[in-house]
Amino acid sequence: MEKKRVALFSLTDCQGCEFVVLQLGEKLLEVAKEVDFANFRLASSKKEDGPFFISFVDGAVTSSEEVEHLKWIRSNSKYLVALGSCATIGGVNALKNYFTNVNFPKEVYSRDFESFEAKPLSEYVKVDVLIPGCPINLEEFAFVLKALLEDKVPKLKLAPVCEDCKKNGIECVTKKGMFCLGPYTIGGCGAPCPAAGVPCFGCRGPLFNPNVADAEKVLRDRFIHGGVLFTGLGWVLVKGESK
Amino acid sequence: MTSEERTIKLEYITRVEGHANVYVRVSDKEVEEVRMQVIETPRFFEAMLKGRKIKDAHTIVSRICGICDFSHTLASVETTENALGMQVSEQTKLLRKLVMYGQHIYSHALHLYLLSLPDYLGFPDAIQMASKYPEEVKRGMRLKKVGNEISRIIGGRATMSISIIPGGFSRLPSKEDLEKINSLLKEGLEDAKKTLELFASLEPPKLFRETPFAAIDSKKENYPLILGDGIKTSDGTYFSKEEFEKKYVEQARDYSYAKFGTIDSKAPMVGALARFNVHGEENLASPTKSLLKSLSISSTLTNRYDNNLAQAIELVDFFYKAQEITEQLLSTGIKEEEPLPLLPKEASGVGVVEAPRGILYHRYSLDKEGRIQSANIVTPTAMNVFSLELDIKQLLSENLNLPESKMVELIEKLIRAYDPCYSCSAHFLKLKIERK
């Protein structure tokens with residue numbers, strides 16, 4: 001049987017999600033028996049053209065060059081997977097979207113160049129599967145890869161992080177007086193943050209449409225003005241706030 | 001371009017973290033210009049930190065880089081503690097040292113086996129290299145896993161730490177956790193030693209250029225990775241971390257997103273090679289010293305390409321040092337302690353640590369509510385950009401008669417030996433040679 005061609009591409013991000021993929025370790029060699037990594041710049045000098053059976057794309061879109069690259073990837077891929085929070089919701093990069101009065105290039109590099117609002121892939125192309133998380137969860141990646149290789153498109157389960165905590169017997173951090181975004185955030189991560197005694201900050205993105213007014217009010221008072229502004233829900237709510 | 005001029009483009013330099021280009025203009029007789037262009041899409045972390053509460057800084061900055069994430073976290077918590085005058089416990093320091101050894105073991109193993117070794121054995125990647133050298137690739141994967149596991153156990157997750165917070169740890173490891181680390185280190189030691197033997201047997205290309213090597217220095221630590229007080233160079237310069245921005249002079253260039261920096265008007269080199277040359281063999285663990293002797297490895301390494309060898313030396317050394325700490329913690333036992341409280345005040349602080357690829361500097365200024373007013377971050381890849389540019393220039397002038405494909409190979413190897421991480425410095429390397 002011919003090997004299916006899989007590619008990994010990265011846009012604006014830290015490539016941490018690709019490093020998580022490398023944590024497959026020796027299993028990666030097993031995977032490589034079934035798939036041909038046609039494009040995985042971080043790990044390989046091979047740079048092949050499409051078509052690709054699956055393309056995993058990490059990173060947010062922040063330049064017109066990246067928009068073009070992403071469109072090229074889409075047109076050359078049967079399945080396109082958004083890998084990690086930067087690709088699914090803009091990630092940490094989206095923090096800059098809320099400072100409309102700041103010229104970021106000037107601020108950091110003392111000169112002007114193009115850098116537009118950090119946006120998720122779905123703003124520009126059709127995305128077949130989302131793997132959220134900052135970083136992604138390796139089991140989820142392996143699950144999605146296996147399913148897609150069998151031509152099955154897995155759907156993201158929409159359950160809160162609280163389910164992960166219950167399943168893993170993790171004590172609720174709100175009992176310690178902490179404000180946790182777990183109830184509002186897409187679970188499936190295994191709740192490593194509450195397990196380490198730290199509240200969820202919503203890195204996997206919001207579970208519901210953030211127009212839910214009561215939650216929004218609570219979150220505005222305690223979350224945004226509390227200063228925890230990273231990804232996920234905070235991202236969406238502040239966007240609402242800036243309108 | 002005249003008819004005698006030629007432009008060569010190498011579209012991808014892969015197996016490096018991040019995007020950058022090299023632009024080279026050469027005539028028959030000399031190298032006219034070399035430009036290191038870091039074209040990684042800028043991410044503006046320093047500006048994004050503005051207005052954020054200090055308690056969130058370490059979580060945000062760890063996302064600067066997917067491979068040095070723990071280094072950014074540790075630099076950040078040390079900077080916060082420095083600003084707010086927090087004195088963390090000895091146990092916190094030991095656990096942070098241990099987790100930093102884990103980060104270096106992981107990063108060195110990844111870089112040596114997955115990114116660099118394919119160059120020496122003639123493969124495009126480790127996966128294909130595994131067809132002929134399965135034992136080497138598996139060894140690299142096992143070593144990488146030891147580092148990942150130390151990170152996961154102490155930090156709460158292998159990538160993007162959770163429990164390392166300003167003032168201490170949100171969750172402390174258990175005795176069983178430490179026993180697990182201890183046995184991983186014991187099992188992995190032989191792999192680490194074989195790595196050093198392997199890299200000592202390789203014959204890398206050669207490039208010698210006078211340059212100050214720079215590394216962090218600490219009054220209380222030998223061969224420090226964290227807890228830095230200042231910067232020390234191989235030509236005798238020392239300055240405190242508070243003086244960093246005065247002594248390390250940065251310039252933005254119009255062709256690169258990375259800033260170019262100098263110390264005493266000279267481009268410094270940072271990283272494993274620099275640490276080894278600045279702190280010297282005497283600060284290695286005694287079994288590492290014996291191993292160096294038995295392998296006849298010199299106590300000063302001046303060939304640039306020996307950065308890989310220096311990483312292999314550190315890999316073994318950090319196994320020994322991590323084991324020492326683990327045993328110490330096991331004998332004293334982990335004391336239950338709460339992290340120190342964050343009491344906001346108007347203040348500023350600095351922190352210097354050694355990321356696997358070299359010096360990492362953070363500075364934050366805070367307002368009275370503990371919100372960040374300004375931040376500055378200088379990363380090792382950015383610190384190395386200038387030195388790398390000068391190295392490429394010399395490398396090319398020594399090899400002008402070589403065919404272009406060989407030149408490209410030499411440059412690629414050199415760049416990978418530097419272990420750059422372009423996400424940090426401001427993805428992907430293009431080499432363009434223009435020939436007259």
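Some ground rules. Residues count from 1 along each chain as its sequence is written, and chains are lettered from A, with ligands numbered from 1, in the order in which they are written. As the model is predicted, local features need pLDDT of at least 70 and side-chain atom pairs count only at pLDDT 80 or more, while totals for chains, interfaces and linings use all residues.

Start with chain A. It has ten helices and five strands. Those are DSSP runs, numbered from the N terminus: helices are H or I with at least four residues, strands are E with at least two. Of its 243 residues, 49% are buried. Buried means 20 or more other C-beta atoms within 10 Å of the residue's own; exposed means 12 or fewer; partly exposed is in between; C-beta atoms are placed from the backbone.

Now the core. A nonpolar core is a set of buried Ala, Val, Leu, Ile, Met, Phe, Trp, Tyr and Cys residues joined through C-beta atoms within 7 Å. The largest one holds 179 residues, and Val57(A) and Ile359(B) touch the most other members. Helix α4 of chain B, residues 90–121, gives the largest share, 14 residues. Domain 1 (4–149) and domain 2 (161–242) of chain A both contribute, so the core lies between them. Those bounds come from an automatic or database domain assignment.

Next, Arg63(B). It sits in the loop between α2 (57–61) and α3 (69–84) of chain B. Is Arg63(B) buried or exposed? Buried, with 29 other C-beta atoms within 10 Å. Setting aside residues up to four places away in sequence, Arg63(B) touches Cys14(A), Val92(A) and Cys134(A). Contact means C-beta atoms, placed from the backbone, within 7 Å.

Cys134(A) comes up again. The peptide bond from Cys134(A) to Pro135(A) is cis, with omega near 0 degrees. Pro135(A) is in the loop between β5 (129–131) and α6 (138–149) of chain A. The bond from Gly50(A) to Pro51(A) is also cis, omega near 0 degrees. Pro51(A) lies in the loop between β2 (35–40) and β3 (52–58) of chain A.

Last, phi. Most residues other than glycine have a negative phi, and most peptide bonds are trans. Asp151(A), not a glycine, has a positive phi of about 65 degrees. Asp151(A) is exposed, with 10 other C-beta atoms within 10 Å. Ala191(A) has a positive phi too, near 55 degrees. But Ala191(A) counts as buried, with 24 C-beta neighbours inside 10 Å.

Conventions:
Two residues are in contact if their C-beta atoms, placed from the backbone, lie within 7 Å.
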